[in-house]
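Reader: I have just opened this structure and would like to learn how to read it. Could you walk me through it, one feature at a time?

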There are 2 protein chains.
Amino acid sequence: MATLQDIAVSAAINSLSTIAFLVAFAILRLQPINDRVYFPKWYLKGIRGSPVSYGSLSRFVNLDFRTYIRFLNWMPAALRMPEPELIDHAGLDSAVYIRIYLLGLKIFIPITILTLMVLVPVNWTGKTLELEQFKNLTFSNIDKLSISNVPTGSKRFWAHLLMSYVCSFWTCYVLYKEYKIIATMRLEFLASRNRHPDQFTVLVRNVPPDPDEPVSEHIEHFFCVNHPDHYLTHQVVYNAVKLAKLVSKKKSFQNWLVYYQNKYERNPSKKPTTKTGFWGLWGSRVDAIDYYTSEIGKLNEEEDAERERVISDSEALVPATFVSFKTRWGAAVCAQTQQSSNPTIWLTEWAPEPRDVFWDNLAIPYVELTIRRLLMAVALFFLTFFYMIPIAFVQSLANIEGIEKVLPFLKPLIEKDVVKSFIQGFLPGIALKIFLILLPTVLMTMSKIEGFISLSSLEKRSASKYHLFILVNVFLGSLIAGTALQQLKQFIEAPTGDFPKTIGMSIPMKATFFITYIMVDGWSGIAVEILRLVPLVMFHIKNTFLVKTDQDREQAMDPGCLDFATSEPRIQFYFLLGLVYSVVTPVLLPFIVAFFTFSFVVFRHQIINVYDQKYESGAAFWPDVHLRILIGLIIAQILHMGLLSATGADKSTTPWLIAQPILTIWFHKFCKGRFESAFVKFPLQEAMVKDTLERATEPNLNLKAYLQDAYIHPVFKGGELDIPVAIDEEENNPLVPTKRNPHGGSKHGSEVSPEAHI
Amino acid sequence: MATLQDIAVSAAINSLSTIAFLVAFAILRLQPINDRVYFPKWYLKGIRGSPVSYGSLSRFVNLDFRTYIRFLNWMPAALRMPEPELIDHAGLDSAVYIRIYLLGLKIFIPITILTLMVLVPVNWTGKTLELEQFKNLTFSNIDKLSISNVPTGSKRFWAHLLMSYVCSFWTCYVLYKEYKIIATMRLEFLASRNRHPDQFTVLVRNVPPDPDEPVSEHIEHFFCVNHPDHYLTHQVVYNAVKLAKLVSKKKSFQNWLVYYQNKYERNPSKKPTTKTGFWGLWGSRVDAIDYYTSEIGKLNEEEDAERERVISDSEALVPATFVSFKTRWGAAVCAQTQQSSNPTIWLTEWAPEPRDVFWDNLAIPYVELTIRRLLMAVALFFLTFFYMIPIAFVQSLANIEGIEKVLPFLKPLIEKDVVKSFIQGFLPGIALKIFLILLPTVLMTMSKIEGFISLSSLEKRSASKYHLFILVNVFLGSLIAGTALQQLKQFIEAPTGDFPKTIGMSIPMKATFFITYIMVDGWSGIAVEILRLVPLVMFHIKNTFLVKTDQDREQAMDPGCLDFATSEPRIQFYFLLGLVYSVVTPVLLPFIVAFFTFSFVVFRHQIINVYDQKYESGAAFWPDVHLRILIGLIIAQILHMGLLSATGADKSTTPWLIAQPILTIWFHKFCKGRFESAFVKFPLQEAMVKDTLERATEPNLNLKAYLQDAYIHPVFKGGELDIPVAIDEEENNPLVPTKRNPHGGSKHGSEVSPEAHI
């Protein structure tokens with residue numbers, strides 16, 4: 001068991017590496033050459049056109065040493081932008097995402113102070129671990145501060161019981177407040193939003209085939225009859241999977257063409273060549289520029305033919321459509337009601353934003369959808385509980401003997417000591433590592449198979465899958481040594497009531513492990529995030545080989561975005577740890593508070609300067625976040641129950657704890673009824689207000705023209721994704737003075753301007 | 001353990017008592033004096049005005065002996081009415097309720113034949129129970145036919161595994177078919193229904209208070225703004241709880257007045273007197289007729305004053321209202337959408353039928369509602385698992401010593417042997433019996449506290465509570481000897497995986513017990529139902545003391561109605577038994593088939609001739625029935641799993657069974673998505689079709705006048721409940737020739753006419 005010294009050492013190492021990363025970041029970001037890696041958001045918004053110059057010394061390297069002194073200046077700068085402006089700048093999704101960290105602070109700072117003040121003295125004076133019979137056991141000072149130090153059956157456990165209630169109550173109170181704030185923010189955001197196509201549009205799926213009419217007319221007739229006063233127009237969806245493939249293939253070929261043209265320009269003496277086979281590795285050698293030019297020509301023709309075919313062929317129509325209405329009220333009505341007596345046809349729901357649509361899933365019929373969900377539920381179960389089996393199999397193959405058998409010619413190389421120890425020490429781990437890296441992709445693929453129709457719902461779904469995986473394999477897996485499969489077996493064979501006890505018992509012992517984990521994953525991990533090593537390298541590679549014009553450079557930027565599907569479940573893990581250890585080992589809490597503080601600053605900086613969200617869902621993910629924190633709370637409560645009854649606390653304490661999870665479940669139901677509809681429905685009153693306002697201000701608006709091309713598959717827009725409409729509209733928004741003077745801080749509106757971050 | 005002989009004896013006793021009840025029924029129902037007890041439905045429908053006379057011999061006793069010979073004639077007569085006519089005659093609720101029994105037959109007849117043919121030979125030739133080591137144990141022939149006779153680890157268990165799958169598949173298939181049929185029936189019923197106020201009306205609850213406007217105007221403004229094209233009118237709800245009490249008190253006084261008047265008329269020599277105190281038991285003695293006349297006069301005044309107060313006082317307005325729309329489309333839209341951004345105000349839902357409304361619950365605010373639900377959930381848990389504690393307490397008081405201590409003057413009486421043995425043998429049981437009789441009322445009260453706003457939803461809710469109670473206390477309580485509390489303890493302390501095993505093991509042993517139970521509860525119990533002893537006695541008492549006019553006699557009839565809340569969970573118990581024993585002891589199945597057949601005939605007869613439903617919900621309860629059968633199926637599957645793994649079946653069989661409950665849960669989800677919305681939503685297409693039709697056929701309809709008084713608390717209708725609108729409409733329905741000639745069977749439409757039941 002780790003002692004206090006071990007933890008101090010670990011803390012020192014992690015703090016140092018975190019500081020090293022931050023210094024590296026501070027240096028790299030000040031180089032004009034990296035400006036597009038660390039401030040892409042400002043370029044995308046059109047506020048910054050070229051790197052800020054520091055004197056006239058260099059275009060690539062910043063030689064102004066004064067700027068390096070203030071290397072942590074970005075932190076206050078990141079905190080300075082007020083929230084309303086942040087919402088306008090980065091969208092509500094990002095602003096609310098940041099609030100998850102803030103929520104963590106709100107929950108854990110008071111709990112930390114309280115538990116440290118109350119429980120640490122109670123535990124410290126428990127003195128169980130100093131008794132005679134424990135003398136031979138090694139124990140650390142941390143354990144003296146934990147619940148293990150309280151003697152069995154002591155009255156002191158009443159303090160823990162009370163604190164458990166106080167923590168639960170405080171968490172619920174903060175969660176309720178936060179849910180209320182976020183619901184209000186969402187409603188205000190939706191109400192203050194300018195005209196958007198999705199406000200008028202409903203996605204209709206499972207349009208039944210009609211023998212007498214083509215799909216498009218059938219849809220028009222149905223809605224003319226059933227929504228006579230409100231129906232405006234509709235856009236059919238084409239099955240453009242093949243076309244999309246052609247477009248992306250052409251794009252890749254164009255990149256290669258540019259690469260070889262650049263190469264030729266720099267070295268005109270030698271015509272570049274390539275091989276025609278797979279990845280240019282084999283096949284006959286040809287002139288690269290000619291080859292790619294002709295290939296692109298061919299693809300252009302194919303693409304045109306395919307586009308023609310798709311538009312003219314009625315077989316290429318998907319039985320789904322985007323129906324637009326004359327008013328928001330009409331759309332709200334259609335989205336919330338059932339159209340046909342058969343609930344598996346004419347399914348209506350709010351259309352996602354045009355850029356949020358996941359086009360490939362629009363065509364799945366109802367029955368297939370339910371079967372897909374069943375299969376994926378089973379697959380998720382096996383993935384969670386049996387993922388070690390294939391990995392163990394790969395590991396058993398990837399040992400020295402296995403390799404020697406399959407690839408005998410490598411034998412002399414492998415037999416060398418250095419290589420041998422590398423293989424033995426590294427290969428078994430690498431299979432697991434690769435699996436864990438691939439896991440989010442696998443989960444996302446599973447969500448896609450389940451048939452969700454917007455990127456936002458895909459991310460939400462993947463996040464809940466990942467949360468389950470972390471819960472079972474990281475949390476429970478660390479508490480009970482052994483794989484999830486063994487846990488499952490143990491769970492089935494052990495007495496039901498004993499399971500919480502078994503886990504509860506091991507909680508105090510694992511405190512030091514989790515403290516180390518928080519420092520590695522939560523501190524250094526976040527510092528690596530701000531460094532953006534991969535985009536940095538990629539940008540410079542692209543910049544060297546592909547960029548000719550400024551527009552190319554614009555495209556070489558990879559701002560990235562908040563990856564909700566993987567990062568949110570990770571935050572949830574910290575909530576869970578904090579709630580579980582609040583009563584057991586309060587000294588763990590300051591580490592969690594440090595994680596939330598640091599992450600809050602880092603991600604606020606990233607959102608302001610880097611990330612460019614792919615879509616805007618209006619914080620539709622909050623009910624999930626709320627639910628998962630409550631799941632963590634209930635797990636913590638059950639484990640406290642198990643722990644207290646296992647350590648033989650006063651018999652009368654344990655029954656008092658049973659009420660906790662029941663009340664928490666009730667709280668969840670209450671919040672669900674109170675707030676959730678703000679995230680899934682659109683009230684008619686709001687719709688009516690906006691409609692009336694619009695009629696008064698813009699009586700001559702041609703809505704049909706506005707909506708005509710809103711929901712068209714991106715490949716039909718000439719192969720290029722349009723700049724999302726939202727940004728155009730934000731430019732007109734008076735809250736953000738977007739066309740700021742790039743030099744000289746503007747005092748009005750906000751103090752954050754591009755150079756304020758230096 | 002009961003032997004075959006025991007069961008034969010029990011079957012004989014129960015069959016004889018059933019036949020005795022049926023003979024008694026056959027004799028009683030043919031007496032003209034009982035005509036209104038056994039054929040009230042026909043009187044209420046206005047088809048029958050006076051008892052059918054059998055010759056001119058007597059008005060009270062039927063002396064035509066030929067009619068007695070055909071004493072089972074009512075059975076084919078009950079089956080003869082075709083279903084469409086049954087729906088018109090008794091409503092969709094009743095017709096669909098009968099189909100639950102039919103569903104039982106559809107599920108269990110094929111399963112019975114198959115399992116008897118396949119599993120009985122497999123079990124019989126297992127010969128485990130004839131082995132040497134079992135020689136000393138007594139076992140019955142029934143056990144030889146059950147799974148207990150198969151040797152441990154035998155390959156024969158594959159047959160049981162296969163049959164378990166076949167039964168599950170067949171059950172799901174029949175359930176799916178039935179759900180589809182009932183959904184279609186419901187949609188057809190709703191579509192073919194004449195104009196009803198509830199089609200145009202939406203119940204709006206939690207109307208927020210407005211400081212500037214009175215409630216009524218506030219409501220009107222809100223809907224004029226947010227549903228401008230569709231809003232027609234609204235009716236506020238008055239808090240008439242006190243008024244309703246006055247009305248019911250007056251009615252009771254009027255009954256007493258009539259009673260004393262009759263008494264006086266029959267015996268004019270003596271003026272009847274009464275005491276003014278509680279129940280006429282104490283207080284000063286006064287002239288009864290004068291006393292009640294003056295009391296009624298006082299109450300009349302009070303009632304008028306209260307009615308004035310309620311209508312004029314804005315404090316007496318409840319924050320709920322019935323809003324009516326110009327079209328069914330408008331009402332469908334309003335019922336299915338959210339009105340305000342705050343989801344706890346302006347809550348809309350379909351208005352129940354006027355006679356289905358439970359007026360007392362309309363005023364409960366949102367937060368209170370969630371707290372009430374929480375409290376009732378906790379109460380239900382304690383009621384289910386700890387109900388034995390108060391009963392045991394009462395029982396411990398109600399013994400000889402307890403009574404002697406409290407009431408010492410009874411000592412000489414109690415000490416007598418006859419009284420003593422009576423108290424000792426009877427009193428402990430009576431507490432439990434009283435509890436079980438009161439249970440449905442208690443559950444209904446709990447549902448009322450939960451705040452449901454229609455009688456139909458109250459009954460649905462009570463049914464699900466009663467189902468849980470039966471499941472835990474009757475089913476599991478019989479399998480594991482001991483109270484639910486002990487089970488709970490066992491469940492927590494025993495290994496999780498062992499719980500199904502423990503119960504699974506005890507299933508085959510309890511087969512004979514359940515066979516006896518089916519015969520007592522299912523055969524004799526149903527035969528008692530058809531006898532209607534309580535209404536028979538009550539009718540004759542009322543007839544003797546209260547009836548003066550024909551109208552009084554009409555009111556003295558108590559047709560009763562299908563008590564969904566208690567009888568449906570009982571049917572579910574038979575489904576559960578059948579599904580559990582299908583694989584284990586197939587010889588139990590014929591008894592269940594007999595139950596379903598007999599009940600089907602009896603209840604079809606009752607529905608045609610007796611019951612008068614209080615409301616018509618359009619079979620809205622079917623999703624619950626479907627779900628509960630599936631719950632039974634899943635319990636059966638888990639118990640089969642436990643049983644097979646406990647009897648040491650071939651290790652490879654058990655894992656195959658795990659897929660069953662998962663597939664069943666998926667099947668439930670699939671059915672829910674496919675059909676449930678037909679029971680909770682009203683599709684816009686249907687609404688539009690009916691609106692268009694109505695506009696074409698009745699262009700000058702004054703809908704406002706039609707809806708004006710539809711939703712008025714019954715006490716405002718002059719203290720008398722109006723005859724429900726539905727009946728008036730049925731009279732115009734061409735499907736049922738209602739004003740039939742009471743003599744001479746009418747061949748067209750249906751062969752069932754009142755005298756066809758003789």
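This is a predicted model: local features need pLDDT of at least 70, side-chain atom pairs count only at pLDDT 80 or more; totals for chains, interfaces and linings use all residues.

Reader: What rotation superposes chain B on chain A?

Author: The general idea comes first. Two copies of a chain are related by a rotation about an axis and a shift along it. Here the rotation is 180°, with 0.1 Å of shift along the axis, and chain B then superposes on chain A with an RMSD of 0.1 Å. This is the relation of a two-fold axis. Both copies use the same surface, since 100% of the contact residues of chain B recur in chain A.

Reader: Now for a single chain. How many helices and strands does chain A have?

Author: Chain A has 32 helices and six strands. Of its 758 residues, 37% count as buried. Among the contacts in chain A with a separation of 6 or more, 79% are between residues 24 or more positions apart.

Reader: At what angle do the axes of α9(A) and α28(A) cross?

Author: Helix α9 (residues 157-192) of chain A and helix α28 (residues 622-646) of chain A cross at roughly 175°, and their axes come within 11 Å. An angle over 145 degrees counts as roughly antiparallel, so that is how α9(A) and α28(A) run relative to each other.

Reader: Which residues of α9(A) and α28(A) meet?

Author: From α9(A), the list includes Phe157(A), Leu161(A), Leu175(A) and Tyr179(A), while α28(A) brings residues including Trp622(A), Ile629(A) and Leu633(A). The contact divides into nine nonpolar, seven polar and no charged residues.

Reader: Which residues touch the most other members of the largest nonpolar core?

Author: That core has 303 residues, and the ones touching the most other members are Val580(A), Leu588(A), Ile592(A), Val580(B), Leu588(B) and Ile592(B). Take Ile592(A) as an example: leaving aside residues up to four places away in sequence, Ile592(A) touches Phe108(A), Ile518(A), Tyr574(A), Leu577(A) and Gly578(A).

Methods: Residues are numbered from 1 along each chain as its sequence is written. Chains are lettered from A and ligands numbered from 1 in the order in which they are written. Copies are superposed by least squares on the C-alpha atoms of residues with pLDDT of at least 70 in both. Two residues are in contact if their C-beta atoms, placed from the backbone, lie within 7 Å. A nonpolar core is a set of buried Ala, Val, Leu, Ile, Met, Phe, Trp, Tyr and Cys residues joined through C-beta atoms within 7 Å. A residue is buried if 20 or more other C-beta atoms lie within 10 Å of its own, exposed if 12 or fewer, and partly exposed in between; C-beta atoms are placed from the backbone. Axes are lines fitted to C-alpha atoms, for helices over the stretch in contact, and angles run from 0 to 180 degrees between N-to-C directions. Helices (H or I, at least four residues) and strands (E, at least two) are DSSP runs, numbered from the N terminus. Angles under 35 degrees count as roughly parallel, over 145 as roughly antiparallel, 65 to 115 as roughly perpendicular and the rest as oblique. Ala, Val, Leu, Ile, Met, Phe, Trp, Tyr, Cys and Pro count as nonpolar, Asp, Glu, Lys and Arg as charged, and the others, Gly among them, as polar.
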